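I opened this model to look up a few local features. Here are my notes, in the order I took them.

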Amino acid sequence: MLGDPRKIKKVELDGNSLTLEQLVAVARYGAEISLKGEALRKIKASREIIKSIREEGRTAYGITTGFGHFADTAVPEEMSNRLSTNLILSHSTATGEPYKVEQVRAMMLLRANALSVGLSGVRPIVVEMLIDMLNRGVTPVIPQKGSLGASGDLAPLSHMGLVMLGKGEAYYDSERFSGEEAMKRAEIETLESFSSKEGLGITNGTCAMTGVGALNLYDAIRAADMADLIGAMTLTALTGQYSAFQERLHTARGHKGQIEVAERLRKLTENCELGERYQGARVQDAYSIRCIPQVHGAVRDALGFILEKVSIELNAVTDNPLIFPEDGEVVSGGNFHGEPLALPFDYLGIACSELASISERRTERMVNADLSNGLPSFLAVDGGLNSGFMIVQYSSASMVSENKVLAHPASVDSIPSSAGQEDFVSMGTTAARKSGQILENLLSVLAFELLTACQAIDLRRRVDGDGALSPVMDAAYQAVREEVSFMEKDREIRIDIAAVEKIIRSEKLTDILREYIGE
């Protein structure tokens, strides 16, 4: 379990130490940002190299040449500022629905952090403006579609750059304005133009895919934690056997995630009177119950791998070329390429899809009288007259099926661009966006399982007599019952679903896990 980002109130950028929790604290919860003094010194040092390149007339990509296919086209010094500004104007081609405010804030934070390393050659004012925009609540309107995830997220990040020029559109105080008006209201002076290399400094990086994917990753890790808790509640409702979670069984195989989930299930079911009374009732359960550690554990291992890659990228310098002040050399390369994230974000979508799939199977077992070990059909009182939870499983199955379509990897595709110069691209931004769609379905599927499990637990008590849940499961049960009562007869169930979805999407269950299980 990750730390609580709500406790982080201030984040100091140095380009090297940004964490996932800090990103969430800034993007989602409005933590204040500042720039470390050493970072400012490095930014100034790299800017001096840009000045010398211009004065000497040295050939350097994007500074004294054009971009992409125009890399061999010389641009005179007096046009260098126009070159950088034109990059923003011409590349702002993204389309579709805008990214969420928190997603754009994550992009801005990552861009500021990358520039803080001092290898990009931008002026300090560029970094300071991004920080001011974050601290004062100016969020550029950035459409979601249009990035190949290769030469950085060129199209979306150009829309961010527009606002810095007083162009484009931005949100301020929950309203949408022109970029000029939003900056004016926030009392931030815009730039007349970008200077040499600054257009690339803004656009030539993986900040869109990383920002979107990192927020999805944080929520996916929370979802994995909640899935263990909800799975334990379903296990209890279905009179599942605890023997399948013995430590020695899981250490015999050795997978870290599997061992952790089995340990978590032992903690979640500890002192559960309702569950303990059924131990020994059968030799073994169906896979969706017995194999929770193996399946949830594999998801956890996947999330651990993705977290490792994202943690590196949070502090990565991804524009091109890079400026190395120690010897004044300008090195062209491909750090902007999104492949190191495209594969992990496809993996993120697949992991979330699997977590949803096994959750839906557990819901099916609860509503199917042939599989529920004595619960009434569809958990309905007076079944026939009442349909109970019949269609809850339908909707869950629908989203699981949709996830199977969305889980097709984006990273296996490529399409040449820039007249063949940029001939292999990552589609990493598509992978990040797509993982978010799968994640949203996962959260809904978990909400369905949680709602169903509470109904099933109540019916189990009616059928076989009362029995206490473990303290942590009871806290989750009570959180639901504070909003949704037992369904005695059919009612407008959409209201119940919305209430439980709200619980799932908040930090409520996460807080319960922190309190009873720890981080």
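I am working with a predicted model, in which local features need pLDDT of at least 70, side-chain atom pairs count only at pLDDT 80 or more, and totals for chains, interfaces and linings use all residues. Residues are numbered from 1 along each chain as its sequence is written, and side-chain values use heavy atoms, with hydrogens and water left out.

**Aromatic pair.** I searched the whole structure and got one aromatic pair. Phe-305 and Tyr-347 have ring centres 6.0 Å apart and planes at 55°, so I logged the pair as tilted. (Rings of Phe, Tyr and Trp, the last by its six-membered ring, pair with centres within 6.5 Å; planes under 30 degrees apart are stacked, over 60 edge-to-face, the rest tilted.) Phe-305 is in helix H14 (residues 292-313) and Tyr-347 in helix H15 (residues 339-367), so the pair ties together parts 42 residues apart in sequence. Helices (H or I, at least four residues) and strands (E, at least two) are DSSP runs, numbered from the N terminus.

**Accessibility.** Phe-305 is partly exposed at 34% relative accessibility, and Tyr-347 is partly exposed at 37%. (Buried is under 20% relative accessible area, exposed over 50%, partly exposed in between, with a 1.4 Å probe and protein chains only.)

**Helix pair.** Next I looked at helix H9 (residues 207-237) against helix H17 (residues 428-464): they pack at about 20°, with axes 9 Å apart. Axes are lines fitted to C-alpha atoms, for helices over the stretch in contact, and angles run from 0 to 180 degrees between N-to-C directions. H9 and H17 are therefore roughly parallel (under 35 degrees; over 145 is roughly antiparallel, 65 to 115 roughly perpendicular, the rest oblique).

**Backbone.** Which bond is cis, with omega about -5°? I found that the peptide bond joining Asn-320 and Pro-321 is. Pro-321 is in the loop between H14 and strand E8 (322-324). Most residues other than glycine have a negative phi, and most peptide bonds are trans. I also noted Ala-419, a non-glycine with a positive phi near 55°, and Met-427, likewise not a glycine, with a positive phi of about 55°. Ala-419 lies in the loop between helix H16 (390-406) and H17, and Met-427 lies in the loop between H16 and H17. Ala-419 is exposed at 66% relative accessible area, whereas Met-427 is buried at 12%.
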